Amino acid sequence: MASYRRALAQALVDAGRGREAAEAFLEAAEGRPAKEALEFRRKAGEQYLLSGHIPEGLLELEGVLREVGLSMPASHRIAIPSLLLRRWGRRLRGLGFKRREVSLVPPLQLARIDTCWSASAGLSMWDPVRGAYFQARHLDLALKAGEPGRIARALSFEAAYSATSGLKAHARTEPLILKGKALAEEVQTPYILGLNHMSTGLARFLEGRWRLAHQELRQADVLLRERCRGVAWELDMAHIYD
């Protein structure tokens, strides 16, 4: 029964039926070992948020965040100083990292990274301030862990968040784009490559560089549509900005 519920949840994600997928993930979490149940709940929160069911998504993710030792900022007033401090600290430290295979990263570290990704992506359209806060944490945690796939994902999405300030943030955005693209091409995972093109396209759009945005978003559409599953949100984002 557990494998059936897990397969059903994934099928609903593939079909772009986010709310139903979230509910199926929560059913799949019932009675499962703590680590597996936590991952299903994270995916449930992510699917709620990506499909626009914000109260349900926040409620689920807040519980997951607590279990991995993180928390949801109570307000924008609290989130903004921490966001700015993290970005400033990263400018001083740079984007370097010590590479580690995923099998060598403690599971709790991976859970924290992935939970921050779920919050960052899920809140990006509905609560961009707290979304940016979690994206900053996502990138910091990924760099500390050193796992290339997660770092490529974090760099790519950070570029899109950085570009919300337009061309005036170009000096901050461009290194994220270049390093994210190089690492995505090194990792060679279809999803990471597609997400990189999508995020770069968003960044170019926000900078007002329409032709470059169109090229990146077209590549994202092809990669995500032809080689990935469960990417309805990513495709929607590519289509909105193309």
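I began with burial: buried means under 20% relative accessible area, exposed over 50%, and partly exposed in between, with a 1.4 Å probe and protein chains only. The model is predicted, so I noted its limits: local features need pLDDT of at least 70, side-chain atom pairs count only at pLDDT 80 or more, and totals for chains, interfaces and linings use all residues. Residues are numbered from 1 along each chain as its sequence is written, and side-chain values use heavy atoms, without hydrogens and water.

Entry 1, salt bridges. I counted a salt bridge where a side-chain nitrogen of Lys or Arg lies within 4 Å of a carboxyl oxygen of Asp or Glu. The structure holds 27 of them.

I looked up Arg130 and found a salt bridge to Asp127, with the closest N and O atoms 2.7 Å apart. Arg130 counts as buried because its relative accessibility is 12%. Asp127 is also buried, at 10%.

Next I checked Arg42, which meets Glu39 in a salt bridge at 2.7 Å, N to O. Arg42 is buried at 8%, whereas Glu39 is partly exposed at 28%.

Then I took Glu30 and Arg5, whose side chains meet at 3.9 Å, N to O. Glu30 is exposed at 53%, and Arg5 is partly exposed at 24%.

I found Trp126 partly exposed, at 48% relative accessibility.
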